[in-house]
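Here is a friendly walk through one protein chain. Please have a look at the fold before reading on.

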Amino acid sequence: MENQTTHQLPPHVFVLFGATGDLARRKLFPALYQLHRKGSLADGISIVGTARSEYTHEAFRDEVHKALKEFVKEDIEDAVWQSFAKRIHYVQGNVDRLEDFERLRDFVLELEQKADHGGNRMFYLSMAPRFFGETALYLKQSGLADTKGWRRLIIEKPFGHDYASAAELNDQLATAFAEEEIYRIDHYLGKEMVQNIEVIRFANSMFEPLWDNRSIASVQITSSETVGVEDRASYYETSGALRDMIQNHMLQMVMMTAMEPPSRLRTEAIRDEKVKVLRSLRRYSVDEVKNYVVRGQYTAGQMNGKAVPGYLEEPNVAPNSQTDTFVAAKLFIDNFRWAGVPFYIRTGKRMPVKSTEIVVQFRNMPKHLYFNQAGNLGPNLLVIRINPVEGMYMQLNVKRPGTDNVVVPIAMEFSQSADKSPEAYERLLHDAMIGDSTFFTRWDEVSLAWKFVDPIAEAFRTGAAPLHTYAAGEWGPQAAHDLVKENPGLWWPVYGDQTPSVETVVSRERANAVEVKY
């Protein structure tokens, strides 16, 4: 068995609610398998799946094996699988019946009598959000949450659908678990290059002194998807891109980019600085939203040469739906470091490429030296590529060899193989098991994010912010491009899994861009 860690994770019983669901099959069991394959799971770690479906232990293991063969990148080694399968157990139960929790408790106690788990218990709620609060209460009432060791609760998003519902849910959780025992998972925070942002900034003297409004003109964060709503209409109709992406993933990337250096690399010190960003984030009233936020919905179009339906033609979507499948926004962080610097964010479905990138645009140099020279004197960019390619590149201006001061942009690129990086869920499960909540969201982060988003959602609901349309395969509605006209003049292109040709892109994109003078 491969061992890539310096220590094993502490023994515990890992109880997975919703063990037969899509997330468990696609992400959670593959992540647990990889931790096992790498030798991270100690002998005293047992996995107990629970869901409504009826399975024997063996039948459930067969289902897990099928999921691993489908969703793990490399071949499943039989010896590794056999040893992993011994950890897996199953207890059928409904999350709305106390007697089922008591039966699950008895089974966990039976496991703990057979092996030394230290009394430690991890509960992962991979289920419909409406059951989160009730499940936490049943964990307490049944005695499952009462143990001599540590106990931790991992909760998937969405954490409420507005501030009021999030606060109500948090109050329910607080009756059974302390704040430090609650791990609100946002898988974007498990991505290698998101976690690398703080290293890029705080471990390199060439960046941190320039990381403010005197040197940076703007920041753009794009998270685009090529897929449509597909089979998620029942969820998406109640969330839209605003609640599905902006309230969590996008604001998390804003916080990681804009936070102040923490006093130390400790969990609470890092989270404190992230929260300060949200406290400084300018909030918009319902009437102001239309000036800073663009919402869109895709219509029928072409994707890779094939016709695809519009959102209103998707199964289970209301024919008059006003749900946003695209959101772009111009944000401001009103503190000393970032005063006046626009942070542009955009996310949407049915866009030309699947990509998540952060583009930091530095201020232009005075152009009097090269004003009349041939070529293209573009701005310096630092581009952090998060998904599907992991890495970064810097755009610099140089003289084209063999010419007299013809200026061209070039890219200095670093790229790492995503195959060698742990999947986000693997990394986050590892962190939760050792009790490191750095890259999980704290309640004050969640509450402040909802307080920012709620007026925008209200503007969407009432029509105070108009719903624009864009054809599938386009980069959102024209209003989103108008949002950046003043500074920097364009959305910088993102490339998905392609390697950028910076000179070609800059000359093409800036041809129609608004010239910005500093």
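This is a predicted model: local features need pLDDT of at least 70, side-chain atom pairs count only at pLDDT 80 or more; totals for chains, interfaces and linings use all residues.

**The cores**

Let us begin with the largest nonpolar core, which has 148 residues. Inside this core, Phe17 and Leu331 have the most contacts. Helix 8 (residues 233-258) supplies its largest share, 13 residues. The core lies between domain 1 (12-156) and domain 2 (189-483), because both give residues to it. Leaving aside residues up to four places away in sequence, Leu331 touches Leu251, Val254, Leu281, Tyr284, Val341, Pro342, Phe343, Ile345 and Phe452. Another core, of seven residues, lies apart from the largest one; Val359, Leu381, Tyr393 and Leu490 are among its members.

**Arg151**

Arg151 sits in strand 5 (residues 151-155). Is Arg151 buried or exposed? Its relative accessibility is 19%, and the cut-off for buried is under 20%, so Arg151 counts as buried. Its side chain has polar contacts with two backbone oxygens, listed here.

| Backbone oxygen | Partner | Distance |

**Thr469**

Finally, Thr469 is found in strand 17 (residues 467-471). Beyond residues up to four places away in sequence, Thr469 touches Gln297, Thr299 and Pro477. Asp444 is 25 residues from Thr469 along the chain, and their C-alpha atoms are 34 Å apart.

Notes
Residues are numbered from 1 along each chain as its sequence is written. Side-chain values use heavy atoms; hydrogens and water are left out. A nonpolar core is a set of buried Ala, Val, Leu, Ile, Met, Phe, Trp, Tyr and Cys residues joined through side-chain atoms within 4.5 Å. Buried means under 20% relative accessible area, exposed over 50%, partly exposed in between (1.4 Å probe, protein chains only). Helices (H or I, at least four residues) and strands (E, at least two) are DSSP runs, numbered from the N terminus. Domain bounds come from an automatic or database domain assignment. Contact means heavy atoms within 4.5 Å. A polar contact is a pair of N or O atoms within 3.5 Å; within protein, one must be able to donate a hydrogen and the other to accept it, and residues adjacent in sequence count only if both atoms are side-chain atoms.
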